[in-house]
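Grab a pencil and work through these exercises with the model open beside you. Each one has a task, followed by a solution in steps.

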Amino acid sequence: MAVPPRLLMCAPHWHQVPKILQAAVYRMYRPGQERDRYVTWEYLRAAMAAINHVAQIEGQPERLMPSEFLQGSIFMPTEEVLLGEEEQ
């Protein structure tokens, strides 16, 4: 199933993502980022948390962001990121 570039994943997978993670992805998404390919680390972290949630449900291996290969750490979204309080 082809997914438009502006979407993170197909609808059936998106519906498996908890609402709090969906909200974090929406909050960090910048309209047009799929065209100019400028995305923030905050968006990538939220997207990876959503992707890894679905991967876990489906028994698939966790995906790592490039910096995590170097640092050996796994991103766990903080409550501030999930709730949108990181800028307060």
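**Exercise 1.** Leaving out residues up to four places away in sequence, which residues does asparagine 52 touch?

*Solution.* Before you start: this is a predicted model, where local features need pLDDT of at least 70 and side-chain atom pairs count only at pLDDT 80 or more, while totals for chains, interfaces and linings use all residues. Residues are numbered from 1 along each chain as its sequence is written, and side-chain values use heavy atoms, with hydrogens and water left out.

- Step 1: Find asparagine 52 in helix α4. Helices here are DSSP runs of H or I with at least four residues, strands are runs of E with at least two, and both are numbered from the N terminus.
- Step 2: Look for contacts, meaning heavy atoms within 4.5 Å. Asparagine 52 touches Glu62 and Arg63.
- Step 3: Asparagine 52 has a relative accessible area of 14%, so it counts as buried (buried is under 20%, exposed is over 50%, partly exposed is in between, using a 1.4 Å probe and protein chains only).

**Exercise 2.** Describe the overall make-up of the protein.

*Solution.* 

- Step 1: Count the elements. There are six helices and zero strands, so from the N terminus the order reads α-α-α-α-α-α.
- Step 2: Look at burial. Of the 88 residues, 28% are buried.
- Step 3: Sort the contacts. Take those between residues at least 6 apart in sequence, and 50% of them join residues at least 24 apart.
- Step 4: The protein exposes about 6300 Å², with carbon and sulfur atoms supplying 57% of it; areas come from the Shrake-Rupley method with a 1.4 Å probe, and for residues only the protein chains shown count as cover.

**Exercise 3.** How many salt bridges are there, and which residues make them?

*Solution.* 

- Step 1: Apply the rule: a side-chain nitrogen of Lys or Arg within 4 Å of a carboxyl oxygen of Asp or Glu. The count comes to two.
- Step 2: Take arginine 30 and aspartate 36, whose side chains meet at 2.8 Å, N to O. Arginine 30 is partly exposed at 30% relative accessibility, and aspartate 36 is partly exposed at 45%.
- Step 3: Take arginine 35 and glutamate 34, where the closest N and O atoms are 3.4 Å apart. Arginine 35 is exposed at 65%, whereas glutamate 34 is partly exposed at 22%.
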